[in-house]
Amino acid sequence: MFAGHVGTVQLAAISVQNSVIAGFAFGIMFGMGSALETLCGQAYGAKQLEMLGIYMQRSWIIVGTTALVLMFPYIFATPLLKLIGQDPEISKWAGKFAVWMIPQLFANAINFPIRKFLQAQSKVVVMAAIAGVTVVGHTLFSWLLMLKMGWGLAGAALALNASSWFMVVANLAYIFSGTCGRAWSGFSCKAFQNLWGFVQLSFASAVMIW
């Protein structure tokens, strides 16, 4: 909405980046993170609560590694968009914006597994509260940075990255505070065990959802 007040090209650039570049990465990583839904649900039902934290850590490793690969479409967004016939001017601005949005890519890699971890324990009220605070803050900072201070697309990227990382930090603070009980007992080397089986399940989930 605020990008529309900055300029038509800027609005188009953000729309293209969100729907094509970020949308491609979002679909893959959300799908991979969703592999936790079944595993965490089964572990919670079987009272194997300590496995929820292990599963989340495994997912962080796999989805985080995938985010490293998905950086390349972000870095080379301009030539990729031109290749599929996008307007050169829009491609140029969308490419710049995509590079600025790389921090959000890694925030999502952490946040998607967190969502499934908390959902399995029915801790959705906390997630909703954090999301609500984020929306209010994001709206305020978008207006301030993009329009009031005149930072345009750079302001949009800063607001989006800050909002994404705020959600990650807030959710992690809640988890690390001990409110999840046995479901989070700290970082463990067990997260590196049976990674290949977890990779297969994650990619199958990614294909199915994406």
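This is a predicted model: local features need pLDDT of at least 70, side-chain atom pairs count only at pLDDT 80 or more; totals for chains, interfaces and linings use all residues.
Is Trp 184 buried or exposed? Trp 184 counts as buried, because its relative accessibility is 12% and the cut-off for burial is under 20%.

**View 1. Trp 184 and Phe 187 form an edge-to-face aromatic pair.** A search of the whole structure finds nine aromatic pairs. In the pair of Trp 184 and Phe 187, the ring centres lie 5.1 Å apart, with 90° between the planes. The pair counts as edge-to-face because the cut-off for that class is over 60 degrees.

**View 2. Helices H2 and H4 pack at an angle of about 160°.** H2 covers residues 8-33 and H4 covers residues 50-75. Their axes are 10 Å apart. The two helices are therefore roughly antiparallel. H2 passes H4 in a right-handed crossing. On the H2 side, the contact is made by Gln 17, Ile 21, Ala 22, Phe 24, Ala 25, Ile 28, Met 29, Met 32 and Gly 33. H4 contributes Ser 59, Ile 62, Val 63, Thr 66, Ala 67, Leu 70, Pro 73 and Tyr 74. By class, this contact holds 13 nonpolar and four polar residues, with no charged ones.

**View 3. Helices H8 and H9 pack with their axes 9 Å apart.** H8 spans residues 124-148 and H9 spans residues 152-179. The angle is about 160°, so H8 is roughly antiparallel to H9. The crossing of H8 past H9 is right-handed. From H8, the contact residues include Val 126, Ile 130, Val 133, His 138, Phe 141 and Leu 145. From H9, they include Gly 152, Gly 155, Leu 158, Ser 163, Phe 166, Asn 171 and Tyr 174.

**View 4. Helices H3 and H10 cross at roughly 125°.** H3 runs over residues 35-45 and H10 over residues 195-209. The axes come within 8 Å. H3 is therefore oblique to H10. Ala 35, Leu 36 and Leu 39 of H3 meet Phe 198, Leu 201, Ser 202 and Ser 205 of H10. Five of these contact residues are nonpolar, two are polar and none is charged.

**View 5. Met 208 of helix H10 and Met 32 are 9.6 Å apart in space, C-alpha to C-alpha.** In sequence, the two residues are 176 residues apart. Met 208 is exposed, with a relative accessible area of 67%. Met 32 is one of the H2 residues in the contact with H4.

**View 6. Gly 186 lies in the loop between H9 and H10.** How far apart in space are Gly 186 and Ile 54, C-alpha to C-alpha? The distance is 9.0 Å, across a sequence separation of 132 residues. At 22% relative accessibility, Gly 186 counts as partly exposed.

Note on methods
Residues are numbered from 1 along each chain as its sequence is written. Side-chain values use heavy atoms; hydrogens and water are left out. Axes are lines fitted to C-alpha atoms, for helices over the stretch in contact, and angles run from 0 to 180 degrees between N-to-C directions. Helices (H or I, at least four residues) and strands (E, at least two) are DSSP runs, numbered from the N terminus. Angles under 35 degrees count as roughly parallel, over 145 as roughly antiparallel, 65 to 115 as roughly perpendicular and the rest as oblique. A crossing is left-handed if the near helix is turned anticlockwise from the far one by less than a right angle, and right-handed if clockwise. Contact means heavy atoms within 4.5 Å. Ala, Val, Leu, Ile, Met, Phe, Trp, Tyr, Cys and Pro count as nonpolar, Asp, Glu, Lys and Arg as charged, and the others, Gly among them, as polar. Rings of Phe, Tyr and Trp (its six-membered ring) pair if their centres lie within 6.5 Å; planes under 30 degrees apart count as stacked, over 60 as edge-to-face and the rest as tilted. Buried means under 20% relative accessible area, exposed over 50%, partly exposed in between (1.4 Å probe, protein chains only).
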